[in-house]
Amino acid sequence: MDREVLLEIRGLRIEGRSGEEWTEIVKGIDLTLHKGEVLGLIGESGAGKSTVGLAAMGFARDGCRISGGSIVFDGIDLRTISEKQKRDLRGARIAYVAQSAAASFNPAHKLIDQYCEAPVVHHVMGREEAERDAIDLYRRMQLPDPESIGFRYPHQVSGGQLQRAMTAMAMSCRPDLIIFDEPTTALDVTTQIEVLAAIRDIVRQFDTAAIYITHDLAVVAQAADRIKVLLRGDEVEEAETRQMLDAPREDYTKSLWAVRTFARAEQPPASGTPIVSVRNVTAAYGTVNVLEDVSFDIHAGRTVAVVGESGSGKSTTARVITGLLPPKSGEVLFEGNALPAALRRRTREQLRQVQMIYQMADTALNPKLTLRELIGRPAQMYLGLKGRVLEERVKELLNLIELDPATYIDRLPGELSGGQKQRIGIARALAAEPKLIICDEVTSALDQIVQEGILKLLNRLQEEFGLAYMFITHDLATVRAIADEVVVMQQGRVVEQGTKAEMFAPPHEPYTELLLSSVPEMDPDWLTRLLERRGAA
Amino acid sequence: MIALRVALGIGLLFIVSLIIFGATELLPGDLAQQLLGQGATPETLAALREQLGLNDPAPVRYWNWLSGALTGDFGVSLSNGRPISELIGARLGNTVFLALYAASLAVPISLVLGILAALWRNSIFDRAANAGALTAISFPEFFVAYILVLWLAQTGIFPSMVRINPTTTFGDRIYMTFLPALTLTLVVTAHMMRMTRAAIINLMASPYIEMARLKGLSPLRIVLRHAVPNALAPIINVIALNLAYLITGVVVVEVVFVYPGLGQLMVDAVSNRDIAVVQAVALIFAAAYIALNLLADVLSTITNPRLMHRR
């Protein structure tokens, strides 16, 4: 591309503080972006993607500092200008779209008030003009009711819509550059496509340059002209999108491409009494039914994947099985016998048999307890282990999840990485020696490479102990990797269920088809083709 | 939802009235004996008991008391025979006046100091404001009061005693009650200021604050427009708690400045064993507490869009 250079970063170094020590987390990155160009920045978490993206705005998060190199935006060196001058650029000429729009919109103000803020503060336009402009951009971003959606509060709007509203907001001053920081990561596959398409179109319409940060290659391939791969603060390689996808040079990049190679061996059809049987369950929050007549079985040693968008009732089903939400009608059988509907009426033994692992290991582990206490507690409570036996058991469990007891047993969750925390979640569930473990989106918050490690671990434990898993996920790649049977849910109903082979082979229910076709593929033209196909249909 | 809160508040007040009545029932001693002294004959004692209704069963007396209180009739003082509502009336006005006066100084001061301390976190200003507020709250009220008297009254700038009568003009009242109001301000500012600061700082790490910074907004605008609206609930609650304190907890300050408020009345009534007055004042204090906290709940609800605008 021989267009004018918009952003030139040379030898960028950023340090992060841990305690009193400063350690380098970005180690000399060069980056060149031309006007109207989209650069994909990919890597695992901890690679420094977001840090680099924010540095392109001259911004470092609290506890980080830019320690070296130059950041020149349109001839202005962001490292030498004053805070005031930087504020004049931010929002006006360089805008930011955050990963979680739900958290990044201020809950106290209406969307349109937040939209108008930057144009008014930066004197780009007056309030009334900005409001008209907001409605126009909401329409371009294909938000429903563009005239009125801006007058709602963030909590009244869905996640996918918020993400589009945030992209519209970033466009409000017609910036030259937008930093997209994992804008679709938190969304369902079906919503992800819509947001991705809307982002791609609006960036092209206004000829805005963009840095698109993600850990999902297939996603970035749809939007980026060039891709740069980062690993632990260093650049691995950079190339045009097609070239990068067709012929990655570095081993690390190849490993990213090949990450989804793990797949569980085919299992023979399950027989005998299921461990857990959900029978015609209808459940409600208040008067609104959120589950309608849901039935499926989970057999010993098998994994049942429950898939669907958010709001489809996946987690609610888990709540019914665990007894947190007594159903309105229907029942849950455990090895053929009905479980009491309500949690407090179940015996300790019944509780022990069903354990949960949660999506956010961060919030599911008590930050004040050491791993010894976290893992030891269920073993103590359900199995009555004490003293040396308990200690040995905790060590054994740590070994099972591949963490060295000598190093880790007295650590706090805060001292672990995301993947390690999730392993602790697994060990805690295992400590009760249950027959069924419910995994609620346990890999969604993790990078692909870490995800794969967790999936392999779960699979190994299943083979070793004959565990049954109910695996709640919206990620079909995960389903492909670990499921034996699949239950597809939509709006509280089971729309299709069967073995993995059946589910991934046509013919599909329309909704299953929609889910399957929405999984991004490693092909830069995939989104375009998909949209054309859907437009034609 | 708000109607439910109000109903709960009324229910709570009812329970408190039961407790107040029950507690005074438990007090030892015979009122009639107390009033007439050791020399009273059994006949006069009996007659007085009859006259005061002390021979009625407790539920009847409770009902008489409560139904009277609801219509503003708290009965007569046992020590001087005057209607309690008359005793309380003027003093309640004085107490509320002082509380509002102190609040009108303390609330703006603590909000501004709290917001600035959050804005310039860890700066000299922040440390000075914190240290100052903590120092003020660490001294006992009477000590602060006497220090102020020493500095501001001994030098003749402000009066150290408050003499108010119905003809006192508003301006004079403001002038004469300045020292008690200032004392109370110094006592309550620390809570409100530190809560404001903490509530705002707590939010400064949230993603929407980072978003605001990345929109190029000035630090002051970020704090005022993006942090404060989300920090209102804890701030409102601590303000309500302190306002309630200003009405119910000012006994010491009233005594120091000889201020004719409810606190003094309560102290006098307790020392005279004037149970009827104690009951009435306690009920008013409870009502003030409940009403202010109710108001705080309602305001917190109104200022939270997630509660006001359902999906």
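A residue is called buried if 20 or more other C-beta atoms lie within 10 Å of its own, exposed if 12 or fewer do, and partly exposed in between, with C-beta atoms placed from the backbone. The structure to be toured is a predicted model, in which local features need pLDDT of at least 70, side-chain atom pairs count only at pLDDT 80 or more, and totals for chains, interfaces and linings use all residues. Residues are numbered from 1 along each chain as its sequence is written, while chains are lettered from A and ligands numbered from 1 in the order in which they are written.

**First stop: strand β8 of chain A**

Please select residues 209-214 of chain A, which form strand β8. Helices (H or I, at least four residues) and strands (E, at least two) are DSSP runs, numbered from the N terminus. Of the 6 residues in β8(A), 6 are buried. A:Ala209, A:Ile211 and A:Ile213 point one way, and A:Ala210, A:Tyr212 and A:Thr214 point the other way. In a regular strand the side chains alternate between the two faces of the sheet.

From β7(A), the chain passes through helix α8 (residues 189-205) of chain A to β8(A) in a right-handed β-α-β crossover (with the strands pointing away from the viewer, the path from the first strand over the helix to the second runs clockwise).

**Second stop: an open sheet in chain A**

Now select the 4 strands ordered β12-β11-β14-β15 in chain A, an open sheet with antiparallel pairing. Its edge strands, β12 (288-298) and β15 (337-338) of chain A, each pair on one side only. Between β11 (residues 276-285) of chain A and β12(A) there are 7 bridges, and A:Val278 is opposite A:Phe296.

**Last stop: where chain B touches chain A**

Which elements of chain B each supply at least two residues of the side that touches chain A? In total, 15 residues of chain B are in contact with 24 residues of chain A (C-beta atoms, placed from the backbone, within 7 Å). The elements to select are α10, α11 (219-248) and α15 (305-308) of chain B. Of these, α10(B) gives the most, with 4 residues.

Definitions and conventions
Two residues are in contact if their C-beta atoms, placed from the backbone, lie within 7 Å. Two strands pair if DSSP finds at least two bridges between them.
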